[in-house]
Amino acid sequence: MDPAPGPQEKYQLITRNLQVPGGGWTRGWAAGRAAAPGRGVRDQRGCVGVGRRNWGWEAGRAVPVPAGDRAVPRREYTLDVYRLSSVVTQHDAKKAGAEVVKQLEHPLLSGLLYPGLQALDEEYLKVDAQFGGVDQRKIFTFAEKYLPSLGYAKRVHLMNPMVPGLTGSKMSSSEEDSKIDLLDRKEDVKKKLKKAFCEPGNVENNGVLSFIRHVLFPLKSEFVVLREEKWGGNKTYTAYEALEKDFAEQVVHPGDLKNSVEVALNKLLDPIREKFNCPELKKLSSAAYPIPSKAKPGEKGTKNSEPEDVVPSRLDIRVGKVISVEKHPDADSLYVEKIDVGEAEPRTVVSGLVHFVPKEQLQDRLVVLLCNLKPQKMRGVESQGMVLCASSVGEPRQVEPLDPPAGCCAGERIYVEGYEAGEPDEELKPKKKVFEKLQADFHISEDCVAQWKDRNFLTKLGTVSCKSLRGGSIS
């Protein structure tokens, strides 16, 4: 059996990776709990809609924190809800829930009650502290203000950074693919990571990199990128910053990164899966997290139950003219381009073409631009589109921007043969993965023509093509 951690180690476990570590009182409390022999920490997890087996919000801490499990006396709790409601103003209740409760023009009463219920949980679960992401800070402030007014002790509040979900947006229990659960099967982990947002060179809102930074590095102090020898072999990183730099410069490929995270996560999850592989804990897990029942055949579905058509006409692809090209100020592998697509102002586009296309060859060139991706920051510069390029298969890698037909004008629509009539989405939602699903069937024909499922990319003047990369992919 491992020896019990000493006071200093306990203190570091409690306080490490906190986004808002608190003042002297919080540090003093943590030091006192760490020094107390045989005294653990009873912790309430301040999370909205995130089950206690979810890993995202406790990323990087790896502290076993027992959630409140005491039976709450219903009568006393309900009376305290009434007492609290008599002293809390509508302004304070709405402000406390501003970051975690859905804001509506006509707010529901439940959203106003929520901060008070979470505050009272601290007393009725008899916890020492409440722990959550920084989005909980206003509810924590609310609890510190109002619990003493009912005669209850003020608790300590610990906040850690918000980890982006795997889909690139906020991690949410309502979005299954945005998170990794502690009891996810290996095939679940593989599926979620395969679908995760991990654009080459983009370190902003990259949930895969965030898992490495906040979960894997704090636990192992290193991370190994697994690669075949022909791609350079395995590489061990002992500092997260070095890995992020290599990914930003496209030294590390998203596929290798995802595969390496999958292997590392499964090593951590295997002991937990084994522990829960007994009848008692299986029953407990099923009761706590029941699998949602599926609608029976013939039952009326919801208005969103019909699958969406994923067709090329949903992509807003246009001819663009490159007005200016500059090196990205913070990334050696990226260009920052101004591209005219027929709008009032040119778009700013960041592309990883430095190692493939000389600056002079891009200047004043016609390109093919995907215009309805959600804007994303790439190393601090917001990119408002994607230059579509042909890529060779194998090494050395070659990349060529796609060429619209000669004589095209900036802003002219590019469509796929047979899908001329459809209207593009105003903005592609990252969660829907529309572009990714369509891109899987993009390729270059033997005649160097850009195609989707053997249907040509077209303008009214002819086909879109590349110079030489027959049989290549398009990205």
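**Aromatic pairs in a predicted model**

Author: Seven aromatic pairs are counted here, where rings of Phe, Tyr and Trp (its six-membered ring) pair if their centres lie within 6.5 Å; planes under 30 degrees apart are stacked, over 60 edge-to-face, the rest tilted. The model is predicted, so local features need pLDDT of at least 70 and side-chain atom pairs pLDDT 80 or more, while totals for chains, interfaces and linings use all residues. Residues are numbered from 1 along each chain as its sequence is written, and side-chain values use heavy atoms, without hydrogens and water.

Reader: How are the planes of Phe142 and Tyr146 arranged?

Author: Phe142 and Tyr146 are tilted, with 45° between the planes and 4.9 Å centre to centre. Both residues sit in helix 6 (residues 137-146), four residues apart, about one turn of the helix. Helices (H or I, at least four residues) and strands (E, at least two) are DSSP runs, numbered from the N terminus.

Reader: Are Phe142 and Tyr146 buried or exposed?

Author: Both Phe142 and Tyr146 are buried; that term means under 20% relative accessible area, with exposed over 50% and partly exposed in between (1.4 Å probe, protein chains only).

Reader: What kind of pair do Phe442 and Phe457 form?

Author: Phe442 and Phe457 are edge-to-face, 5.2 Å centre to centre, with 85° between the planes. Phe442 belongs to strand 16 (residues 442-444) and Phe457 to strand 18 (residues 455-459), so the pair ties together parts 15 residues apart in sequence. Phe442 is buried at 5% relative accessibility, and Phe457 is buried at 0%.

Reader: Which residues do ring pairs link into a cluster?

Author: Tyr77, Tyr124 and Tyr152 are linked that way.
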